[in-house]
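Please read the points below alongside the sequence and the model. They go through a few local features one at a time.

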Amino acid sequence: GAPLNLDDISPTARCVQKRLADLGYYNYKPTSRFGGFTILAMQNFQLKNALNKTDVFDTDTSTLLFSNEALFNTPASGKQLPQMPKKKYDVGLSFEKTNWHDGVANVFLEGSNATIVDYGTGLEFNITRTGGRDFALVKCMTSDDLNIYNSIAKAKSGWQKRTVIVQIGDINIAGSMLFDSLSGDDSVSQNAQDIEMELYFSGSVSDIDGFIDAEHQENIDSLSGESDG
């Protein structure tokens, strides 16, 4: 598509911000505005990935950013940024790894409800599916559910992808969910309907060019015993 320039406002800018956040370059809530903080994050990404530094989001940067070859941000020491510990909390549940397109999407319909069990803490909250094509977009059902979501999200600043068990009726399915600690910020309304989250299952891909999110997939595989991590 067309390059992004300073102060452009578009869905593409939001996708860029989300991807830069996933890779550890952007530490703010996506705004859909290609502003100065986004450009600085993009330029840090370009430097880390041996691209020419630019003031616009060009084709070369887009191609690498949304590829499996994109490098994560690392501190000056060269050590990888710390990841959330994959604590194996005994939630006392059996679960299955079910493919999104072949199974989950046909059961977890838009407008239907489910319960999220965070595998790292055992905390539970209820959600409603609001949309999503290749993954589920969901919102907390009540303000109490949102408070539980925020208590999990605030365990670490910024974005984190966490292993979860999704209870849909009497079925427990392995999943991975994006938690955003900024969603509970004082500048954001605490109405449960204002906060939308991304929920991935086996076979889910990003809404950006069908990008396979390796971290989400690793979370799902670790639940089903298919990962070494």
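**Notes on the model**

1. At 72% relative accessibility, A50 counts as exposed (buried is under 20% relative accessible area, exposed is over 50%, and partly exposed lies in between, with a 1.4 Å probe and protein chains only). A50 sits in the loop between α2 (36-48) and α3 (59-65), where helices (H or I, at least four residues) and strands (E, at least two) are DSSP runs numbered from the N terminus. Its phi is positive, about 60 degrees, although A50 is not a glycine.

2. On the basis of these notes: the model is predicted, local features need pLDDT of at least 70, side-chain atom pairs count only at pLDDT 80 or more, and totals for chains, interfaces and linings use all residues. Residues are numbered from 1 along each chain as its sequence is written, and side-chain values use heavy atoms, with hydrogens and water left out.

3. D7 is another residue other than glycine with a positive phi, near 75 degrees. D7 belongs to the segment before β1 (8-9). With a relative accessible area of 38%, D7 is partly exposed.

4. Helix α2 also holds T38, which counts as buried at 2% relative accessibility. Leaving aside residues up to four places away in sequence, T38 touches Q17, L20, Y26 and R33; contact means heavy atoms within 4.5 Å.

5. Two strands are taken to pair if DSSP finds at least two bridges between them.

6. Which strands does β8 pair with over 4 bridges and over 2 bridges? Strand β5 (residues 136-140) pairs with β8 (residues 196-200) in the antiparallel sense over 4 bridges, and L137 has E198 in β8 as its bridge partner. The antiparallel pairing of β7 and β8 runs over 2 bridges; here S176 is partnered with Y200 in β8.

7. Strand β6 (residues 159-168) and β7 run antiparallel and are joined by 10 bridges. One of the bridge pairs is I168 with I171 in β7. The two strands form a hairpin with 2 residues between them, and G169 in the turn has a positive phi of about 65 degrees. Strand β7 (residues 171-180) is mostly covered, with 9 of its 10 residues buried.

8. A153 is in helix α5 (residues 143-153) and is buried, with a relative accessible area of 0%. Although A153 and F179 are 26 residues apart along the chain, their C-alpha atoms are separated by 5.3 Å.

9. Helix α6 is largely enclosed by the rest of the structure, because 7 of its 10 residues are buried. These buried residues are H216, Q217, N219, I220, D221, S222 and L223. Among the elements that cover them are β6, β7 and β8.

10. S202 is in the loop between β8 and α6 and is buried, at a relative accessible area of 11%. Beyond residues up to four places away in sequence, S202 touches K97, T98, N99, W100, Q217 and I220.

11. How many cavities of 30 Å³ or more does the structure hold? There are 2. A cavity is a set of points, on a 1 Å grid over the protein atoms alone, where a 1.4 Å probe fits but cannot get out; lining residues have an atom within 4 Å of a point. Grid points are joined across faces, edges and corners, and a volume is the space filled by probe spheres set on the points.

12. The second largest cavity has a volume of about 40 Å³. Its lining consists of Y200, F201, S204, I212, D213, H216, Q217 and I220. Helix α6 (residues 214-223) supplies the largest share of this lining, 3 residues. By type, the lining divides into 4 nonpolar, 3 polar and 1 charged, where Ala, Val, Leu, Ile, Met, Phe, Trp, Tyr, Cys and Pro count as nonpolar, Asp, Glu, Lys and Arg as charged, and the others, Gly among them, as polar.

Methods: On a 1 Å grid over the protein atoms alone, a cavity is a set of points where a 1.4 Å probe fits but cannot get out, and a pocket is an open set with protein on both sides within 12 Å along at least five of seven lines; lining residues have an atom within 4 Å of a point.
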